[in-house]
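Work through the exercises below with the sequence and the model side by side, and try each task before reading its solution.

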Amino acid sequence: MKPAESYILNQEEPFKSILVHVQFLIEKNFPEVDLRFKWKIPYYFLNDTPFCYLNSPKKKKYVDVCFWVTSPLSNYNEFLITKIERW
């Protein structure tokens with residue numbers, strides 16, 4: 001098993017399920033990405049350029065999905081959130 005996959009599968013629930021679901025969505029919609037383990041977290045690379053990373057900080061109770069490169073996402077603008085709304 002790759003270290004990036006091991007990172008995801010070793011997370012506590014519900015974060016493991018969230019990360020697996022996000023992993024599925026990314027790989028389904030961007031089949032050319034390459035999952036690697038960089039800087040101690042899973043990174044997706046697109047043409048050897050960082051595309052996004054997944055993170056679940058141990059002391060925090062959330063999952064980060066951070067996109068570095070947004071041009072491949074231009075077809076999905078209606079689904080992207082550009083600001084954080086408080087509940």
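A residue is called buried under 20% relative accessible area, exposed over 50% and partly exposed in between, with a 1.4 Å probe and protein chains only. The model is predicted, so local features need pLDDT of at least 70 and side-chain atom pairs count only at pLDDT 80 or more, while totals for chains, interfaces and linings use all residues. Residues are numbered from 1 along each chain as its sequence is written, and side-chain values use heavy atoms, leaving out hydrogens and water.

**Exercise 1.** Classify the aromatic pair of Y7 and F37.

Solution. Rings of Phe, Tyr and Trp (its six-membered ring) pair if their centres lie within 6.5 Å, and planes under 30 degrees apart count as stacked, over 60 as edge-to-face and the rest as tilted. The ring centres of Y7 and F37 are 6.2 Å apart and the planes stand at 50°, so this pair is tilted. Y7 lies in helix α1 (residues 3-9) and F37 in strand β1 (residues 34-38), 30 residues apart, so the pair links distant parts of the chain (helices are DSSP runs of H or I with at least four residues, strands runs of E with at least two, numbered from the N terminus).

**Exercise 2.** Classify the pair of Y43 and F45.

Solution. With 6.1 Å from centre to centre and 45° between the planes, this pair is tilted, and both Y43 and F45 are buried. Y43 and F45 also belong to one aromatic cluster with W39 and Y53.
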